[in-house]
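Please look through the structure below with the following notes at hand. They are written for a reader who is new to describing protein models.

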Amino acid sequence: MSVLIEGRDGVWEYAIGLEVHAQVASSAKLFSGAPTAFGAEPNTQVSLVDAAMPGMLPVINRVCIEQAVRTGLGFGGAIARHSVFDRKNYFYPDLPQGYQISQYTQPIVSGGSVEIPGRTVRITRLHLEQDAGKSVHDRDPDRTLIDLNRAGVALMEIVSEPDLRSPEEAAEFLTRLRALLRWLGTCDGNMQEGSLRCDANVSVRRPGAELGTRTEIKNLNSIRFLREAIEYEGQRQVEVIDGGGEIEQETRLFDPDRGETRAMRTKEDAHDYRYFPDPDLLPLELDEDFIEAIRAAMPELPEARRDRFVEELGLSDYDADLLTAERARADYFEAAASGRDAKQAANWVAGDLLGRLNREGLEIEAAPIPAAGLGELVDLIADGTLSGRMGREVFDAMWETGKSAAAIVEERGLKQISDTGALEALVDELLAREADKAAEYRGGRTKLLGFFVGQVMKATGGKANPKLVNELLRAKLEE
Amino acid sequence: MRDLGLADIRAGLAEGAFSAVELVEDRLAALEAAGELNAVVTPMPDRALEAARAADARRAAREPALPLDGVPVAVKDLFCTEGVRTTASSAMLGGFVPPYESTVTANLIGAGAVLAAKTNLDEFAMGSSTATSHFGPAVNPWKAKDDPRPRAPGGSSGGSAALVAASVVPAALGTDTGGSIRQPAAFCGIVGLKPTYGRCSRWGIVAFASSLDQAGPMTRSVRDAAIMLAAMAGHDPKDSTSAREPVPDFEAALGGGVKGLRIGVPREYRVDGMPEELDALWREGAAWLEEAGAEIVDISLPHTHYALPAYYIVAPAEASSNLARYDGVRYGLRSPAEVVEEQYARTRRAGFGAEVRRRVLIGTYVLSAGYYDAYYTKAQRVRRLIARDFEQAFGKVDAVLTPTAPTAAFPLGEKMDDPIAMYLNDVFTVPASLAGLPAVSLPAGLDGEGLPLGLQLIGRPFDEETVFRTAAALEAAAGFDAEPEFVR
């Protein structure tokens, strides 16, 4: 939803575009065979190529190309049969070659879109590029140290059009895009570890007018910071304009401690990157078969799966949304629902399971109850072995102990009493003991049914099948 | 053992006329005696003797002979050699010892060759005289009859050319970006071949201009060049631009003769101010080939005139980027400073000589925003036109005959204050470089001063066989057997 900013004399509208840097899920770097493990000792994931030793040459990693194509197909982009790697030249101590290999004029993917509630956000392009290393300023009092573990790691830069109209929409877009990347297995989406980073291009304009001058906020590493930075920047720009100033095209940094953005460099001192095609690499030519093989092996995409959950499995829109927010979640649900009532399974996954995971801060992959095990629990409730309340107790026990539902039912003697004869005797005994109340009920105080049910449940230690008890009591009291 | 060629060494070792150790000891002594040529940056006697002993041990164990068993080879100091200092004749890499071996030198070692020395070159292979070397100029073993001044061996592979011409080693490795094998071969009266771009791996060669750099052999005969190239060439998965072409038996192609071949003589190579004796030699070369059964065809390569300016945009552009890695951060020279920008400036000012700095500046300029299209884009367009000129010519002819360089070797130190005059040395070699074509220079005669002159044969892509075959016929007809004063 659009959010407007109140200015001195009228409202302003945000125009926001994101540049998302997503680390390609790959065991090796973009142009060298070096590994990409996170958190390794400094400079242990570095090949001769990554360190830009004399005479070393880049060789493209096929897996990274496949991942970029898969991602492009995932958001409906056009895959280029012919794309080109360029050199972006600039000096920086953690940029060993003195240039970054990137794609400038001919990216591997063009176009596509991502849906957010109420808006289709257009993707401009996706291109592949190398990450730089890291300058470490706090290990040595006098010197800056360089860690090249990240140098040469493959990144997908995904650029959106300035279609986003509020900080919330930007956050929503990044959330959806991140989920898509994780769904496709092309990026782990881990923002803390820097696998996913985001720059935001922010401008304001009178609603519907031409785009204003934008500023670029660099290196936002959480969705919350993205939202806060854009929020601040929009306000700042309106204040500048209201104060008679002009927005300067510049790069800004967000300071999360102060919640504000600060100018980093202006257009005047922007680099001249001297892009030119990397003569060490031939243009990347993809044939139709290569692309089609990836297309054929694509997983069902979130939207298609969501629609199928609603139409074929009868789930509510809400549950279907929730269960397709992550591929692992949808997979878990489908495994738990397989061969049984999908709506019941959905209630357990969307309700108890996700609730508990959320409380304990766990991902669904780490759930102590396997999907098939949760399915068994659903079955035990469906066949009347367990009441819903008992089911919750069993669920908790499964979570704590890792045992199966059947084993817990057995161990704790939790089996629901559904033996009509035994329950009928208890009911008869109760009605005889509480003849006065029975008479009151028959005289019209039907609310007393709850009292009778409670008494039976108490007598059975909660194991009586509540539905059956209700039926029996009603029959006896109304005969 | 001075004059042995590769085939002679092969035969001598097989017959037991000498051992590899005897040969290598003899050549190492010659190398030491050739100090006045300043052709060597780093000698490798220990490693050479070890390799020679290994070759002898293989023969003693009756293992099948390797194609270059025991052959002493000098290596341009642009090829990274594991554990042996590799300088590119630059102060920047004055102490650099690579922990890896270039693919081409590894191929030679695998073929039994004995790497004997790292040779002098123009700094980072930028030059046509070997005078831009941080280690001082190499000297041509040839001298003019009536002029005692030392001559430039050409460049950038001048050290390699000088050692082969002085009969110190039978073969050497060079690299050629715009003529850096062919022009020094012509200046020193030897054979030098630039293979088709992609024929040899560039992996482990200090890069100058990636889209042009090629390794190639420098020898005293066409046959030896063919033997060397066969050992050097082949696809390398570590170099994306190396070709997946099979490597034919180049030596077998030599006897083919030129009967029925059509040889093109491009009129655009007849440039103003070209010495008459060079023009005469060129005509004579064509006549020799005609006598041997080839048909001589006048052809036109209309964009030749634009090759040199296009080359001096493309090569510096790539060089400016390729040399950005020499920043004093990870290896090589570092001139420390408080702030990193100052450290870059100091390091690169101290580490790079004037010619390298000039080319980095030219390259940076032509890639700059606002100038890119006028220079780089246009130069690339010229490059395509030049390649198309050759494609069209090769519809009519099988090889192209031209002079290699516009003059014979000039006195040492000349042209150093006039970069344009120096760049004009490459006028005949640069077009084949831009088109990525195989081209050989071979000695065809002496000028009036007694200095060697070279002729160049250019072939179709990956058709080194026709180049070798034609060169062998030309070599036989020319009967070049003059020796430099240094040898006499």
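1. A crossing of two helices is called left-handed if the near helix is turned anticlockwise from the far one by less than a right angle, and right-handed if clockwise. Helices (H or I, at least four residues) and strands (E, at least two) are DSSP runs, numbered from the N terminus. This is a predicted model, in which local features need pLDDT of at least 70 and side-chain atom pairs count only at pLDDT 80 or more, while totals for chains, interfaces and linings use all residues. Residues are numbered from 1 along each chain as its sequence is written, and chains are lettered from A and ligands numbered from 1 in the order in which they are written.

2. With that definition in hand, the crossing of helix α12(A) with α14(A) is right-handed. The axes of α12 (residues 420-433) and α14 (residues 449-459) of chain A come within 10 Å and cross at roughly 125°, where axes are lines fitted to C-alpha atoms, for helices over the stretch in contact, and angles run from 0 to 180 degrees between N-to-C directions. The two helices α12(A) and α14(A) are therefore oblique to each other, given that angles under 35 degrees count as roughly parallel, over 145 as roughly antiparallel, 65 to 115 as roughly perpendicular and the rest as oblique.

3. Where the pair meets, Leu426(A), Val427(A) and Leu430(A) of α12(A) face Phe452(A), Gln455(A), Val456(A) and Ala459(A) of α14(A) in contact, that is, with C-beta atoms, placed from the backbone, within 7 Å. By class, this contact has six nonpolar, one polar and no charged residues; Ala, Val, Leu, Ile, Met, Phe, Trp, Tyr, Cys and Pro count as nonpolar, Asp, Glu, Lys and Arg as charged, and the others, Gly among them, as polar.

4. A second pair in chain A is α2 (residues 167-184) and α3 (residues 223-242), whose axes come within 8 Å and cross at roughly 155°. Helices α2(A) and α3(A) are therefore roughly antiparallel to each other, and α2(A) passes α3(A) in a right-handed crossing. Among the residues that make the contact are Ala171(A) and Leu174(A) of α2(A) and Leu226(A) and Ile230(A) of α3(A), and by class the contact has seven nonpolar, one polar and three charged residues.

5. In chain B, which residues of helix α1 (residues 6-15) are buried? They are Leu6(B), Ile9(B), Arg10(B) and Leu13(B), where buried requires 20 or more other C-beta atoms within 10 Å of the residue's own, exposed 12 or fewer, and partly exposed a count in between, with C-beta atoms placed from the backbone. These residues cover an arc of only 100° around the axis, which puts them on the same side of α1(B); the arc is that of the directions from the helix axis to the C-beta atoms. On the other side of α1(B), Ala11(B) and Glu15(B) are exposed. The cover over the buried residues of α1(B) includes α2, α3, β4 and α7 of chain B.

6. Pro452(B) has its place in strand β11 (residues 452-459) of chain B, and Pro452(B) is buried, with 23 other C-beta atoms within 10 Å. Not counting residues up to four places away in sequence, Pro452(B) touches several residues, including Trp142(B), Cys188(B) and Leu446(B).

7. Glu393(A), in helix α10 (residues 388-401) of chain A, is partly exposed, with 16 other C-beta atoms within 10 Å.

8. Between the chains, 25 residues of chain A are in contact with 33 residues of chain B.

Note on methods
Contact = placed C-beta atoms within 7 Å.
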